[in-house]
Amino acid sequence: MRGLRISEFGRPPALADDLPVPEAGEGTTLVRVAAAALGHLDRSVASGTFPHHPPLPYVPCGDGAGRVEDSDRFPRGALVWLRGGGLGIARDGVAAEYAAVPDEAVHLAPEGADPILASCFFSPATSAWISVHDLAGVKEGQRVLVTGAAGAVGSLAVQIAVQAGADVTASVSRKERAQLVPAGVRTLVGEAGGGPYDALIDTVGGPGLPARLDAVEPGGVAVIVGYTAGARVELDLPSRCAHDVDLRFLNMIRRAPQAFALADGLLSRLSAGELTLRTDRYALAAAPVAWEALAAGRAEGRVVLEVADDR
Ligand SMILES: NC(=O)c1ccc[n+]([C@@H]2O[C@H](COP(=O)([O-])OP(=O)(O)OC[C@H]3O[C@@H](n4cnc5c(N)ncnc54)[C@H](OP(=O)(O)O)[C@@H]3O)[C@@H](O)[C@H]2O)c1
């Protein structure tokens, strides 16, 4: 069968057409893959520097979606999304025509779900929802700043906060990214924080974070989601104590049970167009190009490899 193969750490995957078709077994479902999502974690695993990786050679990509081909647990032909069970991290991933997936990593998609969205929605949608509702506790009328608002988590956090009735300001790093922010939302370009805000949802971190914390009113909340702009920040603790903004951190590994409970509802809303997640789609054969675009920060949405036509 056709699929991607990582044969050497630190190199992009190559397309292979001689991969053995895996088999279903007890506790394992065989899935005909429609789409595989390519994310930063997949690149980290393939770098060989991540703490875990499957033995070489392996099939990359830990998220995907497809139709059940053979299973003693799921109905044949059902649309399922795939995540968990060590896929693409401790065992072969799903960037191939067929994947043998531990049943725990097979999730029935809700009625009417879109296969492309099903392959890539889980992390950004659940992270954004939990950041806005559980960590920031956003309420109607509150002023909310979302950074990295053109990214997957950021753009969904903007939409979810708007739907909660918040007055949302979006922040992007570069002018050309402003067009990727959901329409109608006030957008700031660069480090300027504006404000004041009741809540900050920060997906970029970096040296600009203290100034953004200053833009939150005392008693407000700042949710730290990611650090694409830098992982280290210097905080002046006396002024932070005096300012009294509640710093909260998102840990989606610890919150996985909650995320899985939210997934169906979020995928339904995305598939119905009530929420939007931009995708950059590539044919499987173009995976090295997609890999490079993701590495260079050129992706304008979740990168998805179309493995089979499921429309
Ligand atoms: N804590 C958790 O459990 C958790 C869960 C999910 C995701 N995350 C993290 O959240 C972050 C966002 O995830 P994502 O899926 O939304 O990623 P993404 O779609 O790749 O978006 C990343 C965003 O980071 C911004 N960015 C990149 N480089 C930057 C720089 N040098 N300066 C300023 N901004 C920069 C970009 O902002 P512009 O568009 O403005 O350029 C982009 O929108 C990632 O770091 C991810 O690892 C954490």
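Arg-143 counts as partly exposed at 27% relative accessibility (buried means under 20% relative accessible area, exposed over 50%, and partly exposed in between, with a 1.4 Å probe and protein chains only). The model is predicted, so local features need pLDDT of at least 70 and side-chain atom pairs count only at pLDDT 80 or more, while totals for chains, interfaces and linings use all residues. Residues are numbered from 1 along each chain as its sequence is written, and side-chain values use heavy atoms, with hydrogens and water left out.

The search of the whole structure gives 11 salt bridges, each defined as a side-chain nitrogen of Lys or Arg within 4 Å of a carboxyl oxygen of Asp or Glu. In one of them, Arg-143 pairs with Glu-217, with 2.9 Å between the closest N and O atoms. Because Arg-143 lies in strand E8 (residues 143-147) and Glu-217 in strand E12, the pair ties together parts that are 74 residues apart in sequence. Helices (H or I, at least four residues) and strands (E, at least two) are DSSP runs, numbered from the N terminus. Glu-217 is partly exposed, at 33% relative accessibility.

A salt bridge also joins the side chains of Asp-202 and Arg-212 (2.5 Å, N to O). Asp-202 belongs to strand E11 and Arg-212 to helix H5, 10 residues apart. Both Asp-202 and Arg-212 are buried. Between helices H5 and H6, the side chains of Asp-214 and Arg-240 meet at 3.0 Å, N to O, and these two residues are 26 apart in the chain. Asp-214 is partly exposed, with a relative accessible area of 49%, whereas Arg-240 is buried at 14%. Through shared partners, salt bridges join Arg-143, Asp-198 and Glu-217 into one network.

Strands E11 (residues 197-202) and E12 (residues 216-224) run parallel and are joined by five bridges; two strands pair if DSSP finds at least two bridges between them. Tyr-197 stands opposite Val-216 of E12. With helix H5 (residues 209-214), E11 and E12 make a right-handed β-α-β unit, a crossover being right-handed if, with the strands pointing away from the viewer, the path from the first strand over the helix to the second runs clockwise. E12 also pairs in the parallel sense with strand E13 (residues 246-249), over four bridges. The bridge partner of Ile-224 in E13 is Phe-249. E12, helix H6 (residues 237-243) and E13 likewise make a right-handed β-α-β unit.
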